[in-house]
Amino acid sequence: MNDKIIAYITDNLLYEQLDDPLTADENLLESGLIDSLGIMKLVVFIESEFEVAIPPEDMTIENFMTVNHIKEYLMLGK
Amino acid sequence: MQVCWAFKPSVAMIFSLVDIVSLNSRKFPGKDAFRFLSSALTHSELEEKSNKLAKHLKDKGVKRGFRVGIYMNRCLESAIAVYGILKAGGCYVPLDPAAPIERSRFVLKDCNIKHLVTTKNQSRKIKKLLATTTEVDCLIGCELEDMPWSFSWEDIFKLSLKDYRALQIMEQDLAYILYTSGSTGTPKGIMHTHYSALNYAKLVVDQYQFDTSDVLGSTAPLHFDMSTFGYFAAPLAGATCTLISDMHLKMPTSLVDFLKKSKITAWYSVPLILIQLLQTGLLKNEDFDTLKWVLFAGEVFPTKHLRSLMGIWKGKTFGNVYGPTEVNQCTFYNLRTAPKSDAPIPIGRVWKNTEYKILDENDKEVSEGQPGLLVIRSGTMMKGYWNNPELTKALLYQETIVPGANAVYYRTGDLVQLNTQGELLFLGRKDRQIKIRGFRIEIDEVENTLLRIADVAEVAVVVNQNNDEKVLMATVLPRDNRALDVGEIYLFCKLHLPPYAVPEQIEIWKEFPRTGTGKIDRKAIAHKLTFSKYER
């Protein structure tokens with residue numbers, strides 16, 4: 001799951017290429033890696049890739065801060 | 001009428017932005033000046049820490065007028081950086097950490113920045129930036145290996161102020177330079193002085209009657225002119241400025257929660273953030289009783305969304321704020337009740353210490369009620385464009401009232417019209433400047449960037465509307481039928497343009513529709529392009 005999310009972010013959402021690969025514990029929201037439009041795209045990707053519906057009230061910092069947070073959120077939801 | 005403390009006798013002590021902080025540290029030492037997430041900085045801490053940064057910068061060679069870069073997101077250190085640089089006599093130049101390295105490098109070089117202030121969490125990008133830049137020889141806020149000229153914030157805060165002597169800051173001194181999109185293909189720097197910035201802060205405090213009880217919510221990054229509201233107007237009112245984190249802006253649901261807990265009394269953002277808050281559907285469940293002012297600027301707020309928001313947030317005053325970066329703010333339009341129709345709301349009337357004219361193509365004033373180009377004269381006006389007196393001259397309109405004392409207006413390039421109530425209506429642009437998510441973009445800059453690709457012969461960049469969002473789209477013609485790769489063009493854009501100026505859609509065409517005179521028919525291109533045909 002992590003690899004799929006990281007691959008999607010790296011290929012589609014990053015502002016520019018990184019020297020080191022993106023890690024699962026890197027802050028996606030604060031670091032200036034992805035803009036707000038990118039976050040929306042990520043949510044759409046996760047919904048279709050993992051066949052889940054993410055309601056607006058779940059779109060929080062706690063659930064989306066890092067790839068690990070996203071994974072934890074998806075695991076709990078299922 | 002309530003009288004703000006800033007206009008009691010003590011206002012006579014404020015001649016520059018740095019005087020605000022010094023005065024506050026004596027009047028309200030223990031009160032929060034800035035808040036960020038769960039931490040805060042009191043007025044006395046801001047005074048002491050910014051003095052320490054100023055001392056260090058002076059020791060490292062900063063002199064009056066030196067440009068000092070700030071490379072960080074909103075955080076408490078950003079306030080220390082702003083006032084520390086100003087106290088050293090420097091002029092701060094905010095760099096966008098989300099911008100491509102090449103753009104930051106351009107800014108560093110363009111205004112010769114030797115000192116850069118940052119934070120530890122920017123270290124990845126800072127290393128990349130410094131690896132290809134020779135300008136910078138003093139880095140503050142991030143200690144890096146093999147760089148004896150880099151210092152941590154802890155190093156700075158350990159300094160003693162025993163032999164520190166404050167520099168006399170003059171109101172004519174340069175305070176900051178904001179870079180914005182330039183039509184030639186490179187960004188241009190807008191210079192503001194302590195005088196213009198302080199005038200802006202005074203007008204905000206007067207217009208919205210802010211006082212020590214207020215908590216102002218600031219959402220704008222430092223490189224965006226809307227940031228001066230939080231960094232300058234809030235301290236002038238003796239109010240607290242809450243710097244809202246990027247994390248919250250990207251996660252509207254968390255922002256609703258934060259807004260509720262932070263007891264903000266005045267909000268200021270681009271309309272998009274308010275629309276995102278509205279679209280969470282969570283606003284109606286909460287009580288935001290401390291919130292009095294909801295101010296927005298940067299681009300047009302679609303009236304239907306404004307009306308929905310006003311339907312939920314009853315009893316608050318909404319304020320449409322207008323003004324190009326060159327003049328900070330210049331007009332205001334406040335609403336207590338929601339507009340009845342979907343017609344765009346006015347940008348309103350000019351505030352104090354400001355006057356305007358509406359001119360035709362030949363610089364003659366139009367007759368009342370006719371559309372024309374807005375020119376503005378105000379105490380909040382910029383000094384000019386950095387290192388570009390020709391452009392400065394071209395965008396100023398001068399009128400001789402008394403020989404030797406010309407009235408100097410800034411040509412906004414905005415088309416406006418006066419309505420029957422004497423309010424200004426914004427009609428659009430005379431050139432190809434657009435706003436996306438509040439950010440100012442010259443389409444010519446995007447086109448000129450694409451033209452730098454060797455195999456590209458011609459380009460046409462157009463704006464299409466996708467629901468409420470404006471979307472940039474590019475079409476390119478290859479040179480001599482050479483093979484072009486969309487992915488590579490996209491990458492080139494990402495390396496040379498800020499994220500908001502990168503076209504959402506790029507297509508390679510064989511030919512362009514042309515008008516009778518052979519010009520590229522951009523209207524026809526915009527029509528032909530439909531969103532999401534090309535998934536990048």
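In the predicted model, strands β12(B) and β13(B) run parallel and pair over four bridges. Within this pairing, B:A266 stands opposite B:W293 in β13(B). Strands of a sheet pair through backbone hydrogen bonds, either parallel or antiparallel. Both strands belong to an open sheet of nine strands in chain B, with the order β2-β1-β11-β10-β12-β13-β14-β15-β16. The pairing in this sheet is mixed. Strands β2 (39–42) and β16 (349–350) of chain B stand at its edges. Each edge strand has a single partner, so one side of each is left without a neighbour in the sheet.

Helix α11 of chain B spans residues 271–279. The helix is mostly covered, with eight of its nine residues buried. The buried set consists of B:P271, B:L272, B:I273, B:L274, B:I275, B:Q276, B:L277 and B:L278. An α-helix has 3.6 residues a turn, so residues three or four places apart point the same way. The buried residues of α11(B) pack against several elements of chain B. Among these are helices α9, α10 and α12 (303–312). Strands β12 (266–269), β13 (293–296) and β26 (469–478) of chain B also pack against the buried residues of α11(B). Just after the helix, B:G281 takes a positive phi of about 75°.

Salt bridges were searched for next. Over all chains, the whole structure holds 34 salt bridges. One of them joins the side chains of B:E102 and B:R452, at 3.7 Å from N to O. This pair links distant parts of the chain, 350 residues apart. B:E102 sits in helix α4 (residues 101–110) of chain B. B:R452 sits in the loop between α14 (443–450) and β25 (456–466) of chain B. B:E102 counts as partly exposed because its relative accessibility is 29%. B:R452 is also partly exposed, with a relative accessible area of 45%.

A second salt bridge joins B:E326 and B:R440, with the closest N and O atoms 2.8 Å apart. Its partners are 114 residues apart and again link distant parts of the chain. B:E326 lies in the loop between β14 (317–322) and β15 (331–335) of chain B. B:R440 lies in strand β24 (residues 439–442) of chain B. Both B:E326 and B:R440 are buried.

The side chains of B:R432 and B:D444 also meet in a salt bridge, at 2.9 Å from N to O. B:R432 lies in the loop between β22 (424–429) and β23 (433–436) of chain B, and B:D444 lies in helix α14 of chain B. The pair therefore ties together parts that are twelve residues apart in sequence. B:R432 counts as partly exposed at 25% relative accessibility. B:D444 counts as partly exposed at 28%. Elsewhere, salt bridges link B:D257, B:K260, B:K261 and B:E286 in a network.

Chain B also contacts chain A. The contact takes 26 residues from chain B and 29 residues from chain A. The area buried between the two chains is about 2,600 Å². Carbon and sulfur atoms give 50% of that area. On the chain B side, B:R124, B:K250 and B:M251 supply 28% of the area that chain B buries against chain A, more than any other three residues.

Three salt bridges occur between chain B and chain A. In one salt bridge, the side chains of A:D35 and B:R437 meet at 3.6 Å, N to O. On the side of chain B that touches chain A, the elements giving two or more residues are α5 (123–131), α9 (246–250), α10 (252–262) and α15 (486–496) of chain B. The largest share of that side, four residues, comes from α9(B). The residues of that side divide into ten nonpolar, six polar and ten charged.

B:G516 counts as exposed because its relative accessibility is 86%. B:G516 and B:T134 are 382 residues apart in sequence. In space, the C-alpha atoms of B:G516 and B:T134 are 50 Å apart.

Note on methods
Residues numbered from 1 in each chain as written. Chains lettered and ligands numbered in written order. Predicted model: local features only at pLDDT ≥ 70, side-chain atom pairs only at ≥ 80, totals over all residues. Heavy atoms only, no water. Contact = heavy atoms within 4.5 Å. Buried area = accessible area lost by both parts, 1.4 Å probe. Salt bridge = Lys/Arg side-chain N within 4 Å of Asp/Glu carboxyl O. Nonpolar A, V, L, I, M, F, W, Y, C, P; charged D, E, K, R; others polar. Buried < 20%, exposed > 50% of the residue type's maximum accessible area, 1.4 Å probe, protein only. Pairing = 2+ DSSP bridges.
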